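Here is a short note on charged side-chain pairs. Please read it with the model open.

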Amino acid sequence: MKPFFYCFLLILLCACGNDKTVQLPEINHSKISKINDVSAAYLFYDATQKDSIELNRNNLISTTNWLINVDKRLRLGQAIPKIMFLQDKKRNATMHKNENAKNFYTCNDLSKHTLGFIDFTNVAYHLDAYKMHNFNLNPTQLVTINVQSLDSIIVSFTMDGATLSHTSNYNKLLTHLKTNVTKDGNANIVLEFSKKLSFQDYISLKHLLSEMDLKNVTIARDEFVFN
């Protein structure tokens, strides 16, 4: 327990400003558990204020790997605009730029009793629905995953001009994908999330999909947060 306790205590101490803390999203069996050369930003949640969010980026260094500590209680509609702001800041840095530096979400890995990290360096967020865009995607099969909540997920499989949709949930999602994804050619998954989804549920879905063992499937870098 000691490594977890000291790492978690460090997060709290660094995040504290006027007794503020960040409740990190929780995952199990993280693939990334150690990152060197880091600096951190914090997105705070205030239960006493409606739609309250506060970004503290005072400790960020543009040439380092960034650890973004997002309170799991925040909704995507609150958190993603701030995260997009941070991505733009790093992408558009004109001095002291490190092209190899990455961005990670910090999580609490319950299985290892330590911190875990999810890489989102290449994710491009959009604050609208996928259908509002005209991307040049030409997979054999297009799969859209529309997430209202962990209990309400619509998975649509489009191939040869025909679309088949399933109502799914967190527990059945991987089964639906493995059953319906084409075995011939390649499939491309596009993710859409309700802006009302909590950051905890978002991380849970992202972590679940990272465990998907389908060789011919690619998850699109563009993610959509809709009203």
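1. The salt-bridge count comes to eight. A salt bridge here is a side-chain nitrogen of Lys or Arg within 4 Å of a carboxyl oxygen of Asp or Glu. The model is predicted: local features need pLDDT of at least 70, side-chain atom pairs count only at pLDDT 80 or more, and totals for chains, interfaces and linings use all residues. Residues are numbered from 1 along each chain as its sequence is written, and side-chain values use heavy atoms, with hydrogens and water left out.

2. Helices (H or I, at least four residues) and strands (E, at least two) are DSSP runs, numbered from the N terminus.

3. How exposed are these two? Lys20 is partly exposed, at 24% relative accessible area. Glu54 is also partly exposed, at 34%. Buried means under 20% relative accessible area, exposed over 50%, and partly exposed in between (1.4 Å probe, protein chains only).

4. Arg75 forms a salt bridge with Asp51, with 2.4 Å between the closest N and O atoms. Again the pair links distant parts of the chain, 24 residues apart. Arg75 lies in the loop between β4 (65–70) and α2 (76–91), Asp51 in the loop between β2 (38–45) and β3. Arg75 is partly exposed at 32%, and Asp51 is partly exposed at 43%.

5. Asp88 and Arg91 both lie in helix α2, three residues apart, about one turn of the helix. Their salt bridge has closest N and O atoms 2.6 Å apart.
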